Amino acid sequence: MLQGKTALVTGSTSGIGLGIAKALAKQGANIVLNGFGDAEGAQSEIAALGVKVAYHGADVSKASEIEAMMKFAADTFGRVDILVNNAGIQHVAKIEEFPIERWDAIIAINLSSAFHATRLALPAMKAANWGRIINVASIHGLVGSAEKSAYVAAKHGVVGLTKVTALENATTGVTCNAICPGWVLTPLVQKQVDAKAVAMGLSNEEAKKVLLQEKEPSMQFTTPEELGELAVFFCSAAGNNVRGVAWNMDGGWTAQ
Ligand code: NAD
């Protein structure tokens, strides 16, 4: 379905980003990977799916490095048809104790990077009259949780940016939508499981249950594979007129 298209996925050396990159590669898209994890491992997983793959190590907290990454993608594959803004970090602390440097980093990586990559991707997408921008927001783009001020603010911002991007391009073949996962057991969440296990004297399995119990009626983690399939849907012809939605995959978190 996506043969001849190129997808750039930020933060795709692990977790959700890698899951989405693999799902798009299975549909035939060439992939540009990015992130600070095991780049070689991720590249060989994508290459095994029979598509072309490249990697750029941009630190997406820096606009100049995003510019270099977008130029690299265009030089390597011609243009970016599918942009997945996925890179993200978390920090958990009460507002009055929140380190200013962590606030700034979360806003830069989780929100501003999506603006920069989007503004750089749009001209070629509009010229081709086809493009897909998929922002990996979070359930925290729709509701809040205590001690996650920067993350919740950034993710609500991402949902807003998604709507504006969709509206500004509504008469074109370029769509923009957000994916809002609940808990997904990636390195980002495993850190929060570990912290809970230490704080409450629990085993890894018990801490996972406590985490799910607080928010997810399904008592199930969403998987990177499931999120990858949602990204594939947004890229399909059936997604042509899906514009500006924030689609949750959250085990019932926000149905409560
Ligand atoms: P992860 O830690 O596995 O992946 C994050 C990726 O971003 C990694 O590849 C990491 O190297 C990369 N990254 C971090 N800082 C970067 C930077 N400055 N420049 C470039 N790359 C950088 O985490 P994940 O859970 O897969 O998270 C992916 C996205 O999904 C994030 O935006 C996160 O907020 C969102 N999300 C995660 C969950 C969850 O439960 N795991 C839920 C909702 C939303």
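By class, 16 nonpolar, 13 polar and two charged residues make up the shell around the ligand. Here Ala, Val, Leu, Ile, Met, Phe, Trp, Tyr, Cys and Pro count as nonpolar, Asp, Glu, Lys and Arg as charged, and the others, Gly among them, as polar. The model is predicted: local features need pLDDT of at least 70, side-chain atom pairs count only at pLDDT 80 or more, and totals for chains, interfaces and linings use all residues. Residues are numbered from 1 along each chain as its sequence is written, and side-chain values use heavy atoms, with hydrogens and water left out.

Start at the ligand. Of the 31 residues around it, Phe36, Asn86, Tyr151, Val184 and Thr186 come nearest; a residue is near if one of its heavy atoms lies within 4 Å. Several polar contacts (pairs of N or O atoms within 3.5 Å) can be followed here. Tyr151 places a polar side-chain atom 2.5 Å from an oxygen atom of the ligand. Asn86 uses a polar backbone atom, 2.7 Å from a ligand oxygen. Thr13 has a polar side-chain atom 2.9 Å from an oxygen atom of the ligand. On its own, the ligand has 810 Å² of accessible area, and the protein covers 93% of that. Such areas come from the Shrake-Rupley method with a 1.4 Å probe.

Now look at what builds the shell. Helices α1 (15-26), α5 (149-168) and α6 (187-200) each supply at least two of its residues. The largest share, three residues, comes from α6. Helices are DSSP runs (H or I, at least four residues), numbered from the N terminus. Domain 1 (6-183 + 223-255) and domain 2 (185-221) each give the shell at least three residues. Those bounds come from an automatic or database domain assignment.

Turn next to charge pairs. Side chains of opposite charge can pair when their charged atoms come close. The whole structure holds nine salt bridges, each a side-chain nitrogen of Lys or Arg within 4 Å of a carboxyl oxygen of Asp or Glu. One of them joins Asp75 to Lys71, with the closest N and O atoms 2.9 Å apart. Both sit in helix α3 (residues 63-77), four residues apart, so about one helical turn separates them. Asp75 is exposed at 56% relative accessibility, and Lys71 is exposed at 55%. Buried means under 20% relative accessible area, exposed over 50%, and partly exposed in between (1.4 Å probe, protein chains only).

Asp59 and Lys62 meet at 3.2 Å, N to O. Asp59 is buried at 17%, whereas Lys62 is partly exposed at 39%. Arg102 and Glu101 form another salt bridge, at 2.6 Å. Arg102 is partly exposed at 25%, and Glu101 is partly exposed at 48%.

Notes: Polar contact = N/O pair within 3.5 Å; in protein donor to acceptor, adjacent residues only side chain to side chain.
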